[in-house]
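I opened my notebook to look at a protein chain, going from the whole to a few side chains.

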Amino acid sequence: MPRLFTALEVPRNIAMSLSLLRGGLPGARWIDVENYHVTLRFIGDVDGRTADEIVDRLDRIDRPEFQISLNGIGSFGSKKPHSIWAGVSPSQEMAALQSEIERICQRIGLPPDPRKFMPHVTLARLKACRLDDVVTYLSGRGDFHTLPFKVSRFVLMSSKDSIGGGPYVTEEAFDLRDFGSGTNRSSVEPIKSFV
């Protein structure tokens with residue numbers, strides 16, 4: 001069974017801006033542009049029945065679309081950095097969506113996500129990078145930011161068991177409600193069943 005997670009997609013024009021940050025850091029393994037995303041909740045390896053239940057519950061989420069932007073870059077792992085990321089501007093709507101997904105996962109019986117939600121787009125995985133090189137790389141790119149972009153859906157993605165960084169496959173997409181619409185979002189046609 002593939003590893004599942006929920007995410008926000010990064011539009012192509014924003015992904016191209018992120019791609020300009022690639023390079024200049026020895027030992028970095030850069031994520032492919034088509035694999036950029038903002039993880040909302042890592043679900044992990046689940047059986048087909050549980051995956052179908054997750055899809056059914058996620059399909060019932062009724063939240064409005066919202067806007068976010070990317071700003072700033074940083075690294076995880078202070079003394080021994082292991083990844084480079086682009087930050088996501090705070091958004092109450094995004095936080096509420098993430099919290100609802102977390103509640104759904106726990107109600108289904110998944111353990112709580114042990115990490116605090118920190119929205120970001122992973123740009124590179126680091127292996128044997130020198131701390132000084134990472135600091136130099138980050139210091140020259142700290143003013144990175146994008147224009148706001150609309151988030152009109154979230155997705156359930158899967159990844160193969162690998163070192164990380166893709167390839168990722170969109171298994172299902174869940175529309176958010178239009179800004180001006182008081183009606184529920186259109187129903188989602190299932191892409192596939194996990195059973």
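My entries below start with the overall layout and then turn to single residues.

**Entry 1: the whole chain.** I noted that this is a predicted model. I found 4 helices and 10 strands in the protein chain. Reading along the sequence, I wrote down the pattern β-α-β-β-α-β-β-β-α-β-α-β-β-β. I then looked up burial: 48% of the 195 residues count as buried. I also checked contacts with a separation of 6 or more, and 75% of them join residues 24 or more positions apart.

**Entry 2: aromatic pairs.** How many aromatic pairs does the structure hold? I found 4. One of them is Trp30 with Tyr137, a tilted pair at 5.7 Å centre to centre and 50° between the planes. Trp30 sits in strand 2 and Tyr137 in helix 4, so this pair ties together parts 107 residues apart in sequence. I looked up both partners: Trp30 is buried at 16% relative accessible area, and Tyr137 is buried at 1%.

Next I turned to Phe154 and Phe174, whose ring centres are 5.0 Å apart with planes at 25°, so I wrote "stacked". Phe154 belongs to strand 9 and Phe174 to strand 10, 20 residues apart. Phe154 is buried at 0% relative accessibility, and Phe174 is buried at 1%.

**Entry 3: Gln98.** I found Gln98 in helix 3, residues 92-108. Is Gln98 buried or exposed? Its relative accessible area is 11%, under the 20% cut-off, so Gln98 is buried. Its side chain reaches the backbone oxygen of Leu40 at 3.3 Å. Leaving aside neighbours within four places in sequence, I listed Leu40 and Phe117 as contacts of Gln98.

How values were computed
Residues are numbered from 1 along each chain as its sequence is written. This is a predicted model: local features need pLDDT of at least 70, side-chain atom pairs count only at pLDDT 80 or more; totals for chains, interfaces and linings use all residues. Side-chain values use heavy atoms; hydrogens and water are left out. Helices (H or I, at least four residues) and strands (E, at least two) are DSSP runs, numbered from the N terminus. Buried means under 20% relative accessible area, exposed over 50%, partly exposed in between (1.4 Å probe, protein chains only). A polar contact is a pair of N or O atoms within 3.5 Å; within protein, one must be able to donate a hydrogen and the other to accept it, and residues adjacent in sequence count only if both atoms are side-chain atoms. Contact means heavy atoms within 4.5 Å. Rings of Phe, Tyr and Trp (its six-membered ring) pair if their centres lie within 6.5 Å; planes under 30 degrees apart count as stacked, over 60 as edge-to-face and the rest as tilted.
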